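Please keep the sequence and the structure in view while reading.

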Amino acid sequence: MAKMWAGRTDGVTSKLADDFNSSIHFDSRMFRQDITGSMAHAAMLGAKNIISQAEAEQIMDGLSGILEDIESGKLPFDMECEDIHMFVEQELTARIGDVGKKLHTARSRNDQVALDFRMYLRDEIDEIVELCTGLTRTVTDQAEAYADAIMPGYTHLQRAQPITFGHHLMAYAMMLLRDLGRLTDCRKRMNVSPIGSCALAGTTYDTDRVFEAEKLGFDAVCMNSIDGVSDRDFAIELLSALSILMMHLSRFSEEVILWCSWEFKFVELSDSFTTGSSIMPQKKNPDMAELCRGKTGRVYGDLMGLLTVMKGIPLAYNKDMQEDKEAVFDACDTVKMCLKVFAEMIAGMKAIPENMKSAAQKGFINATDLADYLVRKGLPFRTAYKISGGIVADCIARGLVLETYPMEDYQKHSPLIEEDVYSAVDLSVCVEKRISLGGTSVASVYKQIAFVREQLTAIF
């Protein structure tokens with residue numbers, strides 16, 4: 001079958017070349033954006049008298065019918081077509097005759113596909129932002145539920161200082177807030193219309209690019225026609241934002257996996273989001289968290305793939321750029337699924353505060369507070385640090401913790417230590433003394449929760 005672009009050549013290619021060149025099997029998902037964009041283009045052509053108003057209305061009616069038939073399932077995609085753009089134009093011409101051929105006046109597939117792609121990803125960002133907001137709310141709700149549950153905070157995966165589980169969860173809420181900021185910023189830069197750039201040099205027709213952009217909800221138009229058709233920064237920026245988001249989910253997944261293990265046993269996941277073993281009946285595996293962790297590499301690969309595609313392409317459009325869509329589509333699909341699963345998984349997660357507190361006590365994470373106690377008694381910090389270390393070593397040797405270490409033994413290390421030391425090393429007191437902004441005290445955690453909820457309200 002001869003192609004619509006036949007002219008310079010006879011438009012007849014081999015079946016192998018057709019299959020290799022075709023993109024309709026993946027770009028057909030942009031049918032709504034393609035048809036909506038074409039309707040705005042027809043409206044502009046009519047408004048500028050490039051085609052008659054009657055022809056513009058006939059084209060728009062035809063496109064509206066095609067959209068309705070695709071959405072209802074009445075009109076299947078013709079996989080023999082090269083791409084979604086050619087499918088829609090071919091179907092339009094079949095329905096309304098030669099008037100349909102006028103739709104492509106003053107545009108090229110180069111600016112048409114750039115337009116569709118921006119519109120499609122704009123919609124994807126809106127959906128991802130909504131899902132990410134939902135997860136952030138879920139994390140924040142769990143942080144509120146466990147605002148005073150004491151657990152060990154870690155550095156180097158070694159127990160370091162006492163914190164609350166709510167404080168730990170709010171760290172992830174802050175990460176997700178930044179992800180939302182990146183996504184909304186990316187959308188702003190994406191929301192610039194390339195239509196009217198044509199192949200690369202603009203057009204001789206007296207078009208109104210601003211009219212068309214406003215009709216499609218864009219904030220502005222691309223100010224350089226070459227850049228308009230060759231830019232894929234918006235797709236790379238989105239992939240970058242999605243990669244960072246997945247990195248955060250992967251870190252969170254890693255902790256959930258650790259916390260579920262018998263070595264930690266800080267949390268219990270819902271049966272709905274775990275699996276069993278085919279031969280070990282005792283197993284309860286955090287597979288959903290593991291899959292989110294694994295799928296992070298997939299999204300990273302999508303980013304690296306598109307960066308590599310774009311790194312050596314001269315201006316303007318090159319067919320290499322057809323490789324942009326599958327990578328971004330895959331990343332968007334993956335992130336959306338991970339966000340949905342993660343929100344449900346975290347919502348059903350139950351903490352085990354007694355295990356967290358026991359681990360905190362055995363980790364001597366209140367040793368810094370003991371040193372601070374001695375400093376307040378008048379000792380230099382380094383001297384206090386050495387005394388505290390000696391007390392910890394003796395506790396370990398005798399199977400004690402600072403809360404149960406006998407007073408007579410405390411005073412062997414320093415006569416400055418008195419009964420008030422037990423209050424100083426009490427984990428609840430240690431936590432509540434962290435009164436600095438952003439710290440782990442319960443009051444501070446509630447301030448963080450209020451801050452995040454206020455930010456989420458501003459987004460929606």
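## An exposed leucine and its patch

Leu-315 is located in the loop between helix 11 (287-310) and helix 12 (324-347); helices here are DSSP runs of H or I with at least four residues, strands are runs of E with at least two, and both are numbered from the N terminus. The relative accessibility of Leu-315 is 67%, so the residue counts as exposed. In this report, buried means under 20% relative accessible area, exposed means over 50%, and partly exposed lies in between (1.4 Å probe, protein chains only).

The model is predicted: local features need pLDDT of at least 70 and side-chain atom pairs count only at pLDDT 80 or more, whereas totals for chains, interfaces and linings use all residues. Residues are numbered from 1 along each chain as its sequence is written, and side-chain values use heavy atoms, with hydrogens and water left out.

Together with Leu-200 and Ile-226, Leu-315 makes a nonpolar surface patch of about 270 Å². Patches consist of residues with over 30% relative accessible area and no salt bridge, where like charges are joined within 9 Å and nonpolar side chains (Val, Leu, Ile, Met, Phe, Trp, Tyr) within 5 Å. Accessible areas come from the Shrake-Rupley method with a 1.4 Å probe, and for residues only the protein chains shown count as cover.

## Two buried residues

Ser-414 belongs to the loop between helix 16 (407-413) and helix 17 (421-424). With 4% relative accessibility, Ser-414 counts as buried. Leaving aside residues up to four places away in sequence, Ser-414 touches Leu-374, Leu-379 and Ile-387; contact means heavy atoms within 4.5 Å.

Val-431 lies in helix 18 (residues 427-432) and, at 2% relative accessibility, counts as buried. Which residue is 281 residues away from Val-431 in sequence but 7.9 Å away in space, C-alpha to C-alpha? That residue is Ile-150, which is also among the residues that Val-431 touches.

## The nonpolar cores

A nonpolar core is a set of buried Ala, Val, Leu, Ile, Met, Phe, Trp, Tyr and Cys residues joined through side-chain atoms within 4.5 Å. The largest one has 78 residues, of which Leu-121, Phe-165 and Leu-238 touch the most other members. Among the elements that give it two or more residues are helix 6 (109-145), helix 7 (165-190) and helix 10 (233-260). Helix 10 provides the largest share, 15 residues.

Leu-238 has contacts that include Leu-121, Ile-125, Leu-183 and Val-328. Another core, of 25 residues, lies apart from the largest one and includes Met-44, Ile-51, Val-99 and Ala-106.

## Salt bridges

A salt bridge is a side-chain nitrogen of Lys or Arg within 4 Å of a carboxyl oxygen of Asp or Glu. By this rule there are 32 salt bridges. One of them joins the side chains of Glu-82 and Arg-109 (3.1 Å, N to O). Glu-82 lies in the loop between helix 4 (53-72) and helix 5 (84-96) and Arg-109 in helix 6, so this pair ties together parts that are 27 residues apart in sequence. Arg-109 also meets Asp-83 in a salt bridge (2.7 Å, N to O).

A further salt bridge pairs Glu-124 with Lys-336 (3.0 Å, N to O). This pair links distant parts of the chain, with Glu-124 in helix 6 and Lys-336 in helix 12, 212 residues apart. Glu-124 counts as buried at 5% relative accessibility, and Lys-336 counts as buried at 10%. Elsewhere, salt bridges that share partners join Glu-82, Asp-83, Arg-109 and Lys-319 into one network.
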